[in-house]
Amino acid sequence: MKVLKFGGTSVANPENINKVRSILENLDSEKVAVVVSAFGGVTDLLITTAHLASSQDLNYKMSLQEIEERHLNTIRELIPVQAQSQVLSKVKGDLNTLETLLEGSFLIGELTPKLSDKIVSYGELLSSFIITEYFKNVGLDIAFKDSRELIITDNNYGKAVVDFPETNANCQAFFEENTHQIVLLPGFMASSKSGDSTTLGRGGSDFTAAIIAAAQQASILEIWTDVSGMYTANPKLVKQAKCISQISYEEAMELSHFGAKVLYPPTIQPVLGKKIPIAIKNTFEPESLGTLIGENHNGQGKTVRGISHVGNISLLSLEGPGMIGTPGISKRFFETLSLKNISIVLITQASSEHSICVGIADGDAEVATEAVNETFAYEISRNRIKPVNLEKDLTIVALVGDNMKSHQGLSGKMFSTLGKNNVNIRAIAQGASERNISAVIRKDDVRKALNSLHETFFEENIKQLNLFVMGVGNVGSKFLAQIRQQKKYLKEEMKLNVRVIGISNSRTMAFDEDGISLKEWEATLSRGEKADKKQFFDRVKSLNYRNSVFVDNTASAAVSDSYTNYLRNSISVVTCNKIACSSDLGYYKELKHLAKQYNAPFLFETNVGAGLPIIDTLKHLIASGDKVRKIQAVLSGSLNFIFNTFNNSVTFHDVVKEAQEQGYTEPDPTIDLSGIDVMRKILILARESGYPLDIGDIHNDSFLPKESLETKTNDEFFASLKKYEADFQKLYKEAVKSESKLKYVAQFEDGQAQVGLQKIPKGHDFYNLEGSDNIVLFYTERYPDQPLIIKGAGAGADVTASGIFADIVRIGNF
Ligand code: ADP
Ligand code: ASP
Ligand code: MG
């Protein structure tokens with residue numbers, strides 16, 4: 001005999017019930033017991049209705065009406081008209097009784113556990129009857145059996161304890177007599193010895209099926225549900241979760257104990273002793289293999305088999321000096337909870353014996369706190385023990401696997417993964433069997449914690465990076481295009497899954513939790529909501545994704561002022577905006593400090609030399625113990641272009657105009673021509689070399705006349721260039737005369753920095769610098785005479801975008 005159980009979603013509506021029908025029609029001739037749940041959502045609805053009634057809220061009637069309609073509509077849809085009346089009259093009779101029970105509760109204003117079980121069991125009672133009638137009508141050889149006549153329990157309402165000897169005897173007697181191929185029974189509900197309805201705990205239909213399977217020594221117990229098996233993590237929260245094809249009873253039990261709701265935890269116990277395998281199958285994809293739970297399926301050497309989580313947990317801790325070395329404290333503590341029928345999900349005790357801490361359901365928290373405080377009232381009054389400390393709204397996340405015990409370093413890996421993602425751990429516990437390691441975390445961090453742990457333990461080192469990009473102009477749009485082009489390569493070759501979750505320009509912003517399509521980002525953005533920097537940050541924070549990166553492609557001070565917010569939430573920052581690193585020294589230091597403290601890289605390679613690896617090289621030099629003595633550099637692509645193009649056959653004015661038109665200068669060309677831009681860059685290099693300079697410490701020997709420097713508009717500026725053309729020609733002539741070229745040079749030596757126009761003689765490393773190229777010479781203790789040279793294109797949207805890209809990849813490898 002086989003036992004099949006169909007859960008709430010599998011029987012939620014006529015369409016789904018027909019899926020069940022076709023599974024039953026395709027069975028071989030073996031006899032089967034079929035256990036069904038209430039129609040999906042009905043148990044919850046019954047509980048809500050009962051609570052409304054008992055709190056004397058007349059809305060219970062509306063809720064009841066909804067329950068009635070669900071069942072009556074299902075009958076009308078499934079059962080042929082000629083057979084309907086008999087089914088309808090039985091169901092209406094049951095619904096009337098249900099109404100009477102609710103009315104009773106309404107009048108008395110009370111809901112005893114006993115009455116609650118009676119009411120709640122109507123979900124399964126009705127669904128099983130209706131489904132049996134439908135299957136009879138379509139010609140299946142089927143009979144109905146009320147589980148209350150087979151499964152006998154104590155009267156611990158809500159989670160009754162089964163009397164196995166009596167139950168087994170009832171089952172054996174009944175199935176021996178049964179002649180039908182299929183017997184259909186309601187799950188979840190049972191009966192006490194005195195004949196009252198009881199229930200087996202939420203999700204208990206799985207257990208009903210296991211009890212019958214064990215009593216009948218079934219060949220297999222099949223749990224048919226809405227997912228294709230037991231997954232490495234809840235597939236509703238972790239998209240990358242994979243189905244586990246085979247798993248041991250113990251591992252499955254541990255996963256379900258820690259919240260893998262796909263299997264109700266007590267289900268395994270009755271079948272384990274009889275070695276009956278459990279298959280978890282998907283009603284909506286019957287051909288999928290699903291999961292097989294059995295003996296010794298210990299996962300082909302895999303250590304961690306799954307990650308699960310239980311929500312609505314409270315931590316209750318008791319501590320105080322009076323606990324040290326005092327025997328019996330733990331006994332009294334646990335006894336108190338046990339007397340109140342409170343089950344403990346997790347226990348931790350510090351080795352100092354200074355405190356005991358347990359995880360219990362939120363719903364039990366108040367009762368538990370009061371009871372424990374009462375037990376220890378004497379010690380509390382004498383300050384030997386502190387009153388109970390209660391923390392609510394927590395979640396337990398657990399790693400589970402039989403082979404975990406033989407591997408070192410798993411907890412280290414688990415906690416460093418959580419730590420890197422700024423998930424605060426409130427308590428930890430490791431099962432004595434070493435089959436699980438669990439951590440208690442905040443509810444808001446669950447999705448992030450599950451996904452990052454899943455990535456660490458299951459995704460062959462594929463790391464997901466979640467980008468939030470502000471600024472999609474010249475550089476930003478090139479950057480998005482580059483990611484789109486490289487996405488496949490990054491995933492396959494570098495094991496990086498880069499997704500853009502949010503984008504914004506100055507007008508609108510858009511988010512897509514599954515990643516914005518990089519083919520259509522422009523359309524997505526134009527349909528977006530009104531841009532707002534604060535709201536953008538709030539959104540990034542509340543999404544709380546692992547490996548989040550904020551990318552700033554703007555030149556705005558308001559944006560760079562917000563970096564601290566991001567870093568403080570462990571969100572990395574990548575920026576081509578120079579303002580943060582070249583303004584106040586205190587702010588620069590704070591950003592560096594926050595990046596370290598919150599494990600969130602702050603990278604700005606493109607601040608100097610666009611895509612050239614200048615800052616990264618400098619960092620490596622310093623990290624390996626080298627010391628910078630001198631830096632000489634041409635760092636302005638714009639000025640290099642201007643002085644490479646300028647000669648006695650063109651005017652300086654026209655060359656600058658051309659540079660502006662070709663996008664080589666900032667929109668305001670004085671930023672480049674005054675040398676400010678180069679000052680910022682050498683300042684950043686000096687700071688990265690370990691010198692705490694400020695912009696005011698840099699000497700700027702400007703080649704522009706004072707009047708040009710003081711202009712207010714671009715027009716005034718260009719007019720002044722015309723006026724002083726003779727001065728510029730003079731600069732050129734002097735250079736030619738000394739067989740030199742004009743280069744705008746930045747220099748840093750002995751803690752002093754300066755920028756200015758220089759005549760560079762033939763043979764110098766700067767002499768042949770073409771177009772808008774940049775060059776940097778690092779003279780260090782290891783490179784004292786022959787400097788380390790970095791040279792190449794130092795301006796332009798494409799190379800800047802690729803520099804940002806490189807920073808993103810660096811974070812991927814972090
Ligand atoms: P049923 O009504 O069929 O009993 P449940 O809702 O009780 O179904 O259980 C199935 C659900 O369990 C899935 O839809 C899924 O959201 C959840 N679940 C939690 N953890 C896991 C896991 N590790 N593998 C599969 N499903 C899981
Ligand atoms: N219907 C019950 C519940 O929702 C039992 C079950 O579905 O397993 O808890
Ligand atoms: Mg279930």
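**Figure 1. Surroundings of ligand 2 in the predicted model.** In this predicted model, a backbone N or O atom of Gly203 is placed 2.8 Å from an oxygen atom of ligand 2. The protein covers 85% of the 260 Å² of accessible area that ligand 2 has on its own. In Glu124, a polar side-chain atom lies 2.7 Å from a nitrogen atom of ligand 2, while a polar side-chain atom of Ser37 is found 3.0 Å from an oxygen atom of ligand 2. The residues around ligand 2 are Ser37, Thr43, Glu124, Phe188, Arg202, Gly203, Gly204 and Ser205. Sorted by class, this shell holds 1 nonpolar, 5 polar and 2 charged residues.

**Figure 2. Surroundings of ligand 1.** The side chain of Lys236 has an N or O atom 2.6 Å from an oxygen atom of ligand 1. For Lys5, the distance from a polar side-chain atom to an oxygen atom of ligand 1 is 3.0 Å, and for Asn234 the corresponding distance is 3.1 Å. Taken alone, ligand 1 exposes 570 Å², of which the protein buries 90%. The shell around ligand 1 comprises 16 residues, and the closest are Thr225, Asp226, Tyr231, Lys236 and Lys261. By class, 7 residues of this shell are nonpolar, 5 are polar and 4 are charged.

**Figure 3. Domain assignment of the protein chain.** The assignment divides the chain into domain 1 (7–219), domain 2 (220–300), domain 3 (306–458), domain 4 (463–594) and domain 5 (614–795). Between the C-alpha centres of domain 2 and domain 5 the distance is 66 Å.

Figure 4. At the level of secondary structure, at least two lining residues come from each of helix H16 (474–494), helix H24 (637–645), helix H26 (670–673), helix H27 (676–688) and helix H31 (797–812). The class composition of the lining is 11 nonpolar, 19 polar and 6 charged residues.

**Figure 5. The largest cavity.** Rolling a probe the size of a water molecule over the atoms shows where empty space is left. The structure contains 2 cavities of 30 Å³ or more, and the largest cavity has a volume of about 130 Å³. The largest cavity is lined by 13 residues; those nearest its centre are Lys420, Asn547, Ser572, Asn599 and Phe814. Of the lining residues, 5 are nonpolar, 6 are polar and 2 are charged.

**Figure 6. The second largest cavity, between domain 3 and domain 4.** The volume of the second largest cavity is about 30 Å³. Arg447, Lys448, Asn451, Leu543, Asn544, Tyr545 and Arg546 form its lining. Helix H15 (residues 446–458) gives the most to this lining, supplying 3 residues. Because domain 3 (306–458) and domain 4 (463–594) both give residues to the lining, the second largest cavity lies between them. By class, the lining has 2 nonpolar, 2 polar and 3 charged residues.

**Figure 7. Two asparagines with positive phi, Asn312 and Asn341.** Most residues other than glycine have a negative phi. Asn312 has a phi near 50°, a positive value in a residue other than glycine. Asn312 belongs to strand S12 (residues 306–319). Asn341, which is not a glycine either, has a positive phi of about 65°. The setting of Asn341 is the loop between helix H11 (329–339) and strand S13 (344–349).

Conventions: Residues are numbered from 1 along each chain as its sequence is written. Chains are lettered from A and ligands numbered from 1 in the order in which they are written. This is a predicted model: local features need pLDDT of at least 70, side-chain atom pairs count only at pLDDT 80 or more; totals for chains, interfaces and linings use all residues. Side-chain values use heavy atoms; hydrogens and water are left out. Helices (H or I, at least four residues) and strands (E, at least two) are DSSP runs, numbered from the N terminus. Ala, Val, Leu, Ile, Met, Phe, Trp, Tyr, Cys and Pro count as nonpolar, Asp, Glu, Lys and Arg as charged, and the others, Gly among them, as polar. A residue is near a molecule or strand if one of its heavy atoms lies within 4 Å of it. A polar contact is a pair of N or O atoms within 3.5 Å; within protein, one must be able to donate a hydrogen and the other to accept it, and residues adjacent in sequence count only if both atoms are side-chain atoms. Accessible areas come from the Shrake-Rupley method with a 1.4 Å probe; for residues, only the protein chains shown count as cover. Domain bounds come from an automatic or database domain assignment. On a 1 Å grid over the protein atoms alone, a cavity is a set of points where a 1.4 Å probe fits but cannot get out, and a pocket is an open set with protein on both sides within 12 Å along at least five of seven lines; lining residues have an atom within 4 Å of a point. Grid points are joined across faces, edges and corners, and a volume is the space filled by probe spheres set on the points.
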